[in-house]
Structure formats: structure tokens, C-alpha cells
Amino acid sequence: MPHYSGPLLTLPAAEALRAARETGAPAWSGSLDLGRSNGEVRLQADAWRWREREYPYPPALKDRTIYYWDGEDFAPVSRFSGSLIKLVPTEWGPPTFEIDGIKMLPTMKASPLEDARAKVALIEPRGKRVLDTCGGLGYFAACCLEAGAAGIHSFEKNEDVLWLRTLNPWSPDPDADASGGRLRLTHADVSQAIAQIADASVDALLHDPPRFGIAGELYSQAFYDQLARVLHRGGRMFHYTGSPNKLTSGRDVPREVAKRLEKAGFKAQLALDGVLAIRR
């Protein structure tokens with residue numbers, strides 16, 4: 001899917017445009033791509049011009065919502081097809097996303113991209129062939145590209161999440177020159193597609209599944225056995241688990257995961273908000 005190149009508005013950006021117009025300023029400088037870049041917007045009484053195109057001032061916008069130009073109006077970057085999936089702005093620039101109001105990426109202490117960078121560093125991706133099992137917005141893949149991975153194969157099951165990626169300027173585009181042909185993005189359920197990946201053909205793994213209650217198959221012994229099969233000996237994997245409250249859930253998910261990975265043939269230890277494992 002081609003990536004969107006038009007403006008992205010949030011409530012603060014829209015208010016800044018209107019405030020600048022009300023002062024009579026001929027232009028406003030700021031970001032209309034979630035902090036990816038800064039540029040100048042030419043202001044008129046009833047419209048504004050950005051990157052050689054003219055747009056109307058939007059009506060009242062909602063907080064915690066990102067809007068894109070759909071050709072006729074500014075529409076929220078959200079879809080509902082069984083679940084409400086929504087791109088959500090953050091104070092850091094790179095957005096997160098929510099499914100039915102549940103935030104999918106950590107944003108409390110750092111940018112979700114910075115958070116991904118710390119996790120990717122654990123697998124030491126430079127020069128490696130990386131399997132990214134649950135691509136999401138592509139921040140793991142972006143950090144692997146940045147760190148010099150030889151190639152990344154990402155899987156994403158949810159078509160609506162893939163659509164969010166095309167509207168997020170921080171999500172890597174497999175077809176862009178910046179990716180250098182190193183990123184392959186496949187729309188598929190990795191729990192099934194992994195059977196088609198050759199034995200020991202992967203140098204490093206990133207596994208960032210939805211929580212256990214949504215995608216229990218991605219925490220199963222059978223799936224971990226498959227991960228061990230495709231990863232060569234000595235290969236490193238980071239498995240995000242989060243830190244579910246043991247008092248309310250009654251479970252210690254990170255340690256459960258570590259035990260299953262050990263059984264599959266990994267040496268596992270808790271790291272950051274997940275498990276770092278090395279194929280024995």
C-alpha cells in the first residue's frame with residue numbers, strides 16, 4: 001500500500017494554525033507530520049497552503065486523535081471492523097495505536113520508537129537476517145534498518161494495522177529508498193506462516209505479540225518450538241511480555257514465557273519488559 005504524504009493534524013497543531021491566522025501572520029512554521037519534519041504553512045483567511053497544496057481550516061478536532069486529508073475533509077486515523085483501531089498522538093512525536101481503547105505500545109517514559117530501539121539493541125541486529133513476528137507500526141523494523149540489519153522480514157496479521165502504517169510517517173515503508181530493499185512486510189498470521197520458513201534461516205528474532213488473552217497461540221509451546229527451529233544456534237531473541245500485575249492476573253507471564261522458551265531450546269532471562277533468549 002502506498003504511504004500517505006499529506007498533512008496530519010492534531011488538536012494542538014490545528015489550534016496553532018488558527019492562532020497564527022488570527023494574529024494576521026502570513027505564515028506559520030511547525031510540524032504537520034507528527035514531528036518528523038518542520039516546514040512553513042502559508043496562511044490565508046479561509047485556507048492554508050502546505051507543500052504546494054491548499055487545505056481548509058478544519059472544524060473542531062478531538063484530543064488524542066490524529067486526522068488525515070481524505071480528499072474531501074480531515075478524517076480521524078481510525079477504523080472499526082470488529083475492533084476500533086486508532087492511531088494516537090504522543091508527546092514524543094512517534095504515535096502509538098490503540099485497539100478498543102487499549103494502548104499497544106509503551107509511551108509513559110519514552111517515545112515508542114526509543115523504547116523499540118532499546119529492545120532491538122538486545123538482539124544486536126547489525127548484518128543479521130531478522131524475523132519480526134508481529135510488525136505493528138513497524139518501529140522494531142525501523143530500528144533494525146537504522147542499526148544496519150542485513151534484512152528484516154516482518155509479519156502483520158491485522159489489515160487495519162497495515163493501513164495505520166501507511167498513514168504514520170514514522171513507520172518504515174518497504175518500498176522507500178531509505179529501506180534499501182532490506183524490509184519485507186507480509187500480511188499474514190505468523191503463527192501459521194512460520195511453518196514455511198526454513199530451518200535455521202534466521203539470525204535474530206523480535207517477538208512482540210498482543211497480550212496473552214488476545215493471542216494465546218503466540219505464547220504456546222508449539223509456537224516457541226517453531227521459533228527455535230527457524231533461529232540458528234547462538235541466535236538472539238527478544239520477546240516482549242509487558243508486566244501484567246500478578247496480583248490481579250494471578251500469573252507471572254514473563255517467567256512462564258521464559259520456562260517455555262527454555263523447554264524449546266533457548267537460554268532465557270528476564271530483560272527490560274520481556275525476555276531475552278539465546279538459541280542453544
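Q: Which residue in β3 is the bridge partner of W28?
A: That's V41. By the way, this is a predicted model, where local features need pLDDT of at least 70, side-chain atom pairs count only at pLDDT 80 or more, and totals for chains, interfaces and linings use all residues. Residues are numbered from 1 along each chain as its sequence is written, and side-chain values use heavy atoms, leaving out hydrogens and water.

Q: What makes β2 and β3 a pair?
A: Strands pair if DSSP finds at least two bridges between them. β2 and β3 (residues 39-43) have 4 bridges, in the antiparallel sense, so they pair. (Strands are DSSP runs of E, at least two residues; helices are runs of H or I, at least four; both are numbered from the N terminus.)

Q: Why is E22 called exposed?
A: Exposed means over 50% relative accessible area, buried under 20%, and partly exposed in between, using a 1.4 Å probe and protein chains only. E22 has 64%, so E22 counts as exposed. You'll find E22 in helix α1 (residues 11-22).

Q: How do you know that D273 is buried?
A: Its relative accessible area is 16%, so D273 falls under the cut-off for buried. D273 sits in the loop between β17 (266-271) and β18 (274-279). Leaving aside residues up to four places away in sequence, D273 touches several residues, including P106, K119 and Y240; contact means heavy atoms within 4.5 Å.

Q: Why is helix α4 said to be mostly covered?
A: In α4 (residues 159-167), 8 of the 9 residues are buried. Among them are V161, W163 and R165.
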